[in-house]
Amino acid sequence: MVTGATGGVGSVSVDLLAAAGYQVVASTGKAAAAEQLKALGAADVIGRLPEDPEAKPRALGKARWAAAIDCVGGATLADVISTLKYGGAVAASGLTGGPALNTTVMPFILRGVSLLGMDSVQMPIGPRRALWERLGADLKPRHLDDLTHDVDIQDVVAVIDQVRAGKYSGRAVVRVAGGF
Ligand SMILES: NC(=O)c1ccc[n+]([C@@H]2O[C@H](COP(=O)([O-])OP(=O)(O)OC[C@H]3O[C@@H](n4cnc5c(N)ncnc54)[C@H](OP(=O)(O)O)[C@@H]3O)[C@@H](O)[C@H]2O)c1
């Protein structure tokens with residue numbers, strides 16, 4: 001399971017996991033992006049989680065996911081944790097759906113699931129370089145040109161407006177004057 005699948009973290013995750021041979025289910029609030037996500041390698045595309053936002057959250061739901069990449073947090077992460085299969089794990093990196101996490105110990109003590117915190121800001125340069133090298137070689141995303149969009153500095157505000165309106169997909173790469 002990849003949540004926030006059309007976003008920067010989510011879309012790269014779909015690409016990487018599909019290339020590694022996993023059966024990826026992409027969760028997105030953008031119904032029109034289904035074909036785009038399938039082109040990245042998603043085997044299936046569903047709406048945002050939880051499927052019924054009004055329903056009372058359950059400590060344990062039907063076990064659905066072997067593992068998950070979650071950049072949404074909030075009720076979405078709680079739903080993913082409660083629906084991981086036995087021994088599953090979710091990597092949590094973001095909070096687009098909110099910072100609060102309302103869950104119980106049940107999935108952890110009855111299904112042995114793991115919640116893995118992800119941080120790319122304070123990560124030491126050693127492992128960071130090692131990961132970058134792999135992301136430029138054996139793990140290089142197959143659809144990088146589709147996932148990233150060059151943006152001139154003067155257009156950044158317009159892109160941010162699109163992101164805030166929930167209309168932006170992929171990763172904007174801002175070209176500063178002179179480039180690198
Ligand atoms: N821990 C770290 O080191 C690290 C690194 C990078 C980013 N982050 C964090 O990870 C999160 C995602 O980053 P990103 O760059 O991928 O952001 P992004 O490009 O804006 O993608 C976030 C995605 O979340 C979904 N979303 C938006 N609002 C939502 C809502 N209210 N409820 C549920 N889903 C919603 C949308 O996907 P759909 O429309 O497809 O559902 C959106 O594209 C952010 O919170 C960011 O700060 C953390």
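**Ground rules.** I am working from a predicted model, where local features need pLDDT of at least 70, side-chain atom pairs count only at pLDDT 80 or more, and totals for chains, interfaces and linings use all residues. Residues are numbered from 1 along each chain as its sequence is written, and side-chain values use heavy atoms, with hydrogens and water left out.

For individual atom pairs I noted an oxygen atom of the ligand 2.9 Å from a polar backbone atom of Gly8, a nitrogen atom of the ligand 3.0 Å from one of Ser93, and an oxygen atom of the ligand 3.0 Å from one of Leu95. Of the 910 Å² of accessible area that the ligand has on its own (Shrake-Rupley method, 1.4 Å probe), the protein covers 72%.

**Second largest pocket.** The ligand takes up the space of the second largest pocket, where a pocket is an open set of points on a 1 Å grid over the protein atoms alone, with protein on both sides within 12 Å along at least five of seven lines, and lining residues have an atom within 4 Å of a point. I noted about 670 Å³ of space there, and 30 lining residues, of which Gly4, Gly7, Lys30, Cys71 and Thr96 are the closest to the centre. The lining divides into 10 nonpolar, 16 polar and four charged residues.

**Largest pocket.** For the largest pocket I recorded a volume of about 1,300 Å³, with 27 lining residues, of which Val9, Val12, Ser13, Leu16 and Leu135 are the closest to its centre. Two or more lining residues come from each of helix H1 (8-19), strand S3 (65-70), helix H5 (125-135) and strand S7 (171-175). H1 provides the largest share here, six residues, and the lining comprises 17 nonpolar, six polar and four charged residues.

**Backbone.** Where is Pro50 placed? I found Pro50 in the loop between strand S2 (44-46) and S3, and the peptide bond from Leu49 to Pro50 is cis, with omega near 0 degrees. Most peptide bonds are trans.

How values were computed:
A polar contact is a pair of N or O atoms within 3.5 Å; within protein, one must be able to donate a hydrogen and the other to accept it, and residues adjacent in sequence count only if both atoms are side-chain atoms. On a 1 Å grid over the protein atoms alone, a cavity is a set of points where a 1.4 Å probe fits but cannot get out, and a pocket is an open set with protein on both sides within 12 Å along at least five of seven lines; lining residues have an atom within 4 Å of a point. A molecule sits in a cavity or pocket if more than half of its atoms lie within 2 Å of its grid points. Grid points are joined across faces, edges and corners, and a volume is the space filled by probe spheres set on the points. Helices (H or I, at least four residues) and strands (E, at least two) are DSSP runs, numbered from the N terminus. Ala, Val, Leu, Ile, Met, Phe, Trp, Tyr, Cys and Pro count as nonpolar, Asp, Glu, Lys and Arg as charged, and the others, Gly among them, as polar.
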